[in-house]
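Hi,

Here is the structure I promised to pass on.

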Amino acid sequence: MLKVLRQIARQGLRTEPAPQPDEALRVGAERIQRAVLEILGRALAIRQVDAGSCNGCELEINALGNPYYNIEGLGMHFVASPRHADLLLVTGPVSRHMETALRRTYDATPEPRLVVAVGDCGCNGGIFGAGYASCGQVANVIPVDVAVGGCPPPPLEILRGILTAVRAARA
Ligand code: SF4
């Protein structure tokens, strides 16, 4: 123990200094938060539905919750049930196995419900298209308010799509 303490005293702090706050990021985040509150007047509850994606889009959606994008800090959070959701975030071409589940999820979401299709697969069927196992794009199964293209789209584009849907609903 004494040896360890001596070593600590001799070497001092070895960790990197903490990063400085990013003022531009803070200002940008505050702007988005104000926009969410102006547009929505309250927090936004999102239900994410993987209707048949390869999970690439989910990784980007997952990144929205990390400390960098921090959408919870912007007043948006994911919920486990469509009954508590304002907006559905749907990925993937809709597989035939998920067709009924997606319709039921949509029906269970209270009005006025918004739907954002995420990724090329959700927008137009992507590389999978429509076939015996796939219904293709999300709009083939439920109404879509905003489609966010990309394979996969980056988190900021997904965030933009969410805000566009909310803004359009409020207009
Ligand atoms: S758009 Fe690309 S990343 Fe997203 S589900 Fe389709 S293939 Fe996967």
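Strands β1 (residues 44-50) and β3 (residues 87-91) pair in the parallel sense over five bridges; pairing here takes at least two DSSP bridges between two strands. Within that pair, Ile 46 stands opposite Leu 87 of β3. Strands and helices are DSSP runs numbered from the N terminus (E, at least two residues, for strands; H or I, at least four, for helices).

One caveat before the rest: this is a predicted model, where local features need pLDDT of at least 70 and side-chain atom pairs count only at pLDDT 80 or more, while totals for chains, interfaces and linings use all residues. Residues are numbered from 1 along each chain as its sequence is written, and side-chain values use heavy atoms, with hydrogens and water left out.

β1 also runs parallel to β2 (residues 76-78), joined by three bridges, and there Ile 46 has Phe 78 as its bridge partner.

As for burial (buried is under 20% relative accessible area, exposed over 50%, partly exposed in between; 1.4 Å probe, protein chains only), five of the seven residues in β1 are buried. Helix α1 (residues 2-11) lies largely in the open, because zero of its ten residues are buried. After α1 comes Gly 12, with a positive phi near 70 degrees.

Over in helix α4 (residues 96-108) sits Thr 105, which counts as buried at 16% relative accessibility. Leaving out residues up to four places away in sequence, Thr 105 touches Val 49, Pro 82 and Leu 88 (contact: heavy atoms within 4.5 Å).

Cheers
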